[in-house]
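Here is a short briefing for a first look. Keep the sequence and the 3D view open while reading.

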Amino acid sequence: MKERNYIKLEFPGKSSNEAFARAAAAAFAAQLDPTMEELGDIKTAVSEAVTNAIVHAYPNEIGKVSMRLRILEEDMLEVSVKDWGCGIESVEQAMKPLYTTGGEERSGMGFTIMGSFMDTLRVRSRPGKGTTVVMRRRIWRRKGTQ
Amino acid sequence: MNISTAYAAGRLTIFLSGELDQHEAQQTSAFISELLEEYMPRDCVLDLSGLAFMDSSGIAVIVRASRQMKLVGGRLWVENPGKQVLRVIDASGLDRLVPVESGRVGGLA
């Protein structure tokens, strides 16, 4: 799919950057004129992906997190969140609802929410190398807008 | 994240406002836990009408508070979640563990 616009952000995996990351994603997505509900879904999915990178990829250090947003043809928004942390042994297991390595502070619902709020979700991970989450959501044009 | 409370006749209502994500979750959870120990309520209501955003970190906060209430034989439920918060609650299946009352004031009888 052809790229119409993009942004790339890089930040240290500090939890105080979670709110910034989802606000930045919402500000970029705004050019597609999404509904409040679509915007809420995008912010939530971004928050889950970025939180995973901050909490799970770097359990004992503050590592680098990169977020790229692209607008593709047919008003498709793509969000990629990449880390260079510990990676996931079994992506299949990690994506199961309620699975978590984070103890009782985590609900284990992050991937479930990403999957249900976005149209597509792909996770690539190599233990010891890092993880990339790529999500897409088509923003439907509303009646009366160009 | 702002937390305020109201207490009457064994019922503690905890009002959460702001954005509840992983950054805020740990402190929020600890604060709710302290409130439950201090008031020892029979019923606890988490009023989410002031929450502008919540992700799955908030689900863990609610589940933890609910467990704490169950341990002492009390009840906890959630009231007035906004649209975004309700979508996260629905997607996570939280309403199978904790009652969720939306769109009306007063809560469970």
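The notes below go through the strands, the helices, the chain contact and the core.

This is a predicted model. In chain B, five strands form an open sheet. The contact between the chains draws on 22 residues of chain A and 20 residues of chain B. The largest nonpolar core has 60 residues, and α2(A) gives the most to this core.

**Strands of chain A**

- Strand β1 (residues 3–12) of chain A runs antiparallel to β2(A), and nine bridges join the two.
- Across that pairing, A:Glu10 stands opposite A:Ser66 in β2(A).
- On its other pairing, with strand β3 (residues 76–83) of chain A, β2(A) is again antiparallel, here with eight bridges.
- A:Leu69 has A:Val79 in β3(A) as its bridge partner.
- Three residues lie between the strands in the hairpin of β2(A) and β3(A), where A:Glu74 takes a positive phi near 60°.
- Strand β2 (residues 64–72) of chain A has two faces. The covered face holds A:Val65, A:Met67, A:Leu69 and A:Ile71. The uncovered face holds A:Lys64, A:Ser66, A:Arg68, A:Arg70 and A:Leu72.

**Sheet of chain B**

- The strand order is β1-β2-β3-β4-β5 (chain B), and the pairing is mixed.
- At the edges stand β1 (2–8) and β5 (100–101) of chain B; each has a single partner strand, so one side of each has no neighbour in the sheet.
- Strand β2 (residues 11–20) and strand β3 (residues 43–54) of chain B are parallel partners, paired over nine bridges.
- Within this pairing, B:Gly18 has B:Leu51 in β3(B) as its bridge partner.

**A helix residue of chain B**

- Helix α1 (residues 22–39) of chain B contains B:Glu34.
- B:Glu34 is exposed, because 10 other C-beta atoms lie within 10 Å, and 12 or fewer count as exposed.
- From B:Glu34 to B:Tyr7 is 27 residues in sequence and 15 Å in space, C-alpha to C-alpha.

**Helix packing in chain A**

- The axes of α1(A) and α2(A) come within 9 Å and cross at roughly 145°. The crossing is right-handed.
- From α1(A), the contact takes A:Glu18, A:Ala21, A:Arg22, A:Ala25, A:Ala26 and A:Ala29. Their counterparts in α2(A) include A:Leu39, A:Ile42, A:Val46, A:Val50 and A:Ile54.
- The residues of this helix contact divide into nine nonpolar, two polar and three charged.

**Where the chains touch**

- The contact involves 22 residues from chain A and 20 residues from chain B.
- On the side of chain A that touches chain B, α1 (17–29), α2 (36–57) and α4 (110–117) of chain A each give two or more residues.
- The largest share of that side comes from α2(A), with eight residues.
- By class, that side has five nonpolar, 10 polar and seven charged residues.

**Nonpolar core**

- Among the 60 residues of the largest nonpolar core, those touching the most other members are A:Ala45, A:Ala49, A:Val50, A:Met114 and B:Leu46.
- The share of α2(A) in this core is 10 residues, the most of any element.
- Apart from neighbours within four places in sequence, A:Val50 is in contact with A:Glu18, A:Ala21, A:Val65, A:Met67 and A:Val81.
- In soluble globular proteins, nonpolar side chains tend to be buried together.

Definitions and conventions. Residues numbered from 1 in each chain as written. Chains lettered and ligands numbered in written order. Predicted model: local features only at pLDDT ≥ 70, side-chain atom pairs only at ≥ 80, totals over all residues. Pairing = 2+ DSSP bridges. Helix = DSSP H or I, 4+ residues; strand = E, 2+ residues; numbered from the N terminus. Contact = placed C-beta atoms within 7 Å. Nonpolar A, V, L, I, M, F, W, Y, C, P; charged D, E, K, R; others polar. Axes fitted to C-alpha atoms, helices over the stretch in contact; angles between N-to-C directions. Left-handed = near helix turned anticlockwise from the far one by under 90°. Buried ≥ 20, exposed ≤ 12 C-beta atoms within 10 Å, placed from the backbone. Core = buried A, V, L, I, M, F, W, Y, C linked by C-beta atoms within 7 Å.
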